[in-house]
There are 2 protein chains.
Amino acid sequence: MTLTVIPMLGIGEVNKGEDVASVLFPSLQEAGATEGDVLVVTHKIVSKAEGAVREIVGDPEAFKRALVEEQAVSIVRRRGDLIIAETKHGFVCANAGIDRSNTAGETVVLLPEDPDRSAHRIRLKLTQMLDMDLPVIISDTFGRPWRRGLTDVAIGVSGLTAVLDLRGTSDWSGKELDVTEIAVADELAAAADLVMGKADGIPAALIRGYGGPRGDGRGTDLVRPVDEDLFR
Amino acid sequence: MTLTVIPMLGIGEVNKGEDVASVLFPSLQEAGATEGDVLVVTHKIVSKAEGAVREIVGDPEAFKRALVEEQAVSIVRRRGDLIIAETKHGFVCANAGIDRSNTAGETVVLLPEDPDRSAHRIRLKLTQMLDMDLPVIISDTFGRPWRRGLTDVAIGVSGLTAVLDLRGTSDWSGKELDVTEIAVADELAAAADLVMGKADGIPAALIRGYGGPRGDGRGTDLVRPVDEDLFR
């Protein structure tokens, strides 16, 4: 089935206290959102709406360093100014997910307090407004070991299986696989990023034609448990 | 701009010596391939066409272990049967990229000898056949530290910028960023995987509406240089 990724245009600045579902609703109507679609929203507008933003006080570099330490539950690697840290959500990323703001002014944007809860809240609201279920992914831009460049991944999920379990497929020697899992929510977030761009100020995309299961997935499903992880 | 990801249907088994461009051509015509499209091909059919396949001899587990050691230039981590190894191309992945075959029988599939050269060859051939330039990405399915599930990434690229450099954008403190790179070829590979599925036997997808630059990118652009890498 053909997949279509539609940028949500015409969404302006989002401020603290605004309702993300209401901000997105006109663009979703414009795009003719329909049953089976999936919405991907960058975390930045969610964090701003939720007030997960800090004013920079004093020296920006020192402020940022202190904030990363505050937001991190552990530091995975450090080299010069670069800190790879684990957030309280379990995500391992640069600067514990602290981001430069797109807005003018001296602010930084944190990750949402609970991206799965944020995704769920946006989904429930949009389900009412659109009179149909619309699964929601909240995305962020992460680096990866070994590979250059950043890609968008899912940090919050509602209404969709996040990690697709393909057990039952045969493995290379003909035996049944015991672990084959596809991070479909990350692939959907990556696909959405291709129409959002980083400089274009497009904070969401609608994906049509994705045939994967509408399970009860969460962004935290994508966090590899520490005891299965060879790299922390 | 809306992005469309079209699965290439009706492609059967590919055998050693077959021409991948000719195998894909009817499906590309069917899909109405047009200027500006990007083709993503899973490496498996490329490897098979190039004969990068080995017959399993003796005990499958022992055979696989020996083959991983042969294909790896270094072992990054090892736990039980799981080996994370660096290939001669510089890719760090499970089992040095050795894959179970989708075909019946006792074979394993290796990575193509030079995925960039393979991508280039397929692109040149299709450019002739279609009378237009068609950038080509060769993809594989890799795991990642810290995150559960696999995603498709680009291992070979021709006719397309693989890593998009966004220098010039302002950073969180208002200074110009010196490093902001988006792994667009990996995001295109991930988007393609969403229509290919792992069990459906769809080995390629055509992406329409991707507005990124048609530069001289390579799959090896996506390999993080060892001296910049904190995790090997």
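How many residues of chain B are in contact with chain A? In this predicted model, 54 residues of chain B touch 54 residues of chain A. Let's look at how that meeting is built, and then turn to chain A by itself.

## Where the chains meet

On the chain B side, the elements that contribute two or more residues to the contact with chain A are the strands S1 (3-7), S4 (72-79), S7 (99-100), S10 (151-158) and S12 (181-182), together with helix H5 (184-196). The helix H5(B) gives the most, with nine residues. Sorted by class, this side of chain B holds 30 nonpolar, seven polar and 17 charged residues.

## How the copies are related

Two copies of a chain are related by a rotation about an axis and a shift along it. Here, chain B is superposed on chain A by a rotation of 180° with 0.0 Å of shift along the axis, at an RMSD of 0.0 Å. That is the relation of a two-fold axis. The interface fits this picture: 98% of the interface residues of chain B are also interface residues in chain A, so the copies meet through the same surface.

## Chain A on its own

Chain A has five helices and 13 strands. Its radius of gyration of 18 Å is close to the 17 Å from the globule rule for 232 residues, so chain A is as compact as a globular protein of that length. Here are some overall values for the chain.

| Property of chain A | Value |
|---|---|
| Box filled by the C-alpha atoms, along the principal axes | roughly 60 × 45 × 25 Å |
| Buried residues, of the 232 residues | 49% |
| Contacts between residues 24 or more positions apart, of those with a separation of 6 or more | 65% |

## Two domains in chain A

Which domains make up the division of chain A? They are domain 1 (4-51 + 112-223) and domain 2 (53-110). The C-alpha centres of domain 1 and domain 2 of chain A are 23 Å apart. Their contact takes 13 residues from domain 1 and twelve residues from domain 2.

On the domain 1 side, helix H2 (43-50) and strand S9 (136-142) of chain A are the elements that give two or more residues. H2(A) supplies the largest share of that side, three residues. By class, the side of domain 1 that touches domain 2 has four nonpolar, five polar and four charged residues.

How values were computed
Residues numbered from 1 in each chain as written. Chains lettered and ligands numbered in written order. Predicted model: local features only at pLDDT ≥ 70, side-chain atom pairs only at ≥ 80, totals over all residues. Contact = placed C-beta atoms within 7 Å. Helix = DSSP H or I, 4+ residues; strand = E, 2+ residues; numbered from the N terminus. Nonpolar A, V, L, I, M, F, W, Y, C, P; charged D, E, K, R; others polar. Least-squares fit on C-alpha atoms with pLDDT ≥ 70 in both. Rg over C-alpha atoms; globule rule 2.2 N^0.38 Å. Buried ≥ 20, exposed ≤ 12 C-beta atoms within 10 Å, placed from the backbone. Domains from an automatic or database assignment.
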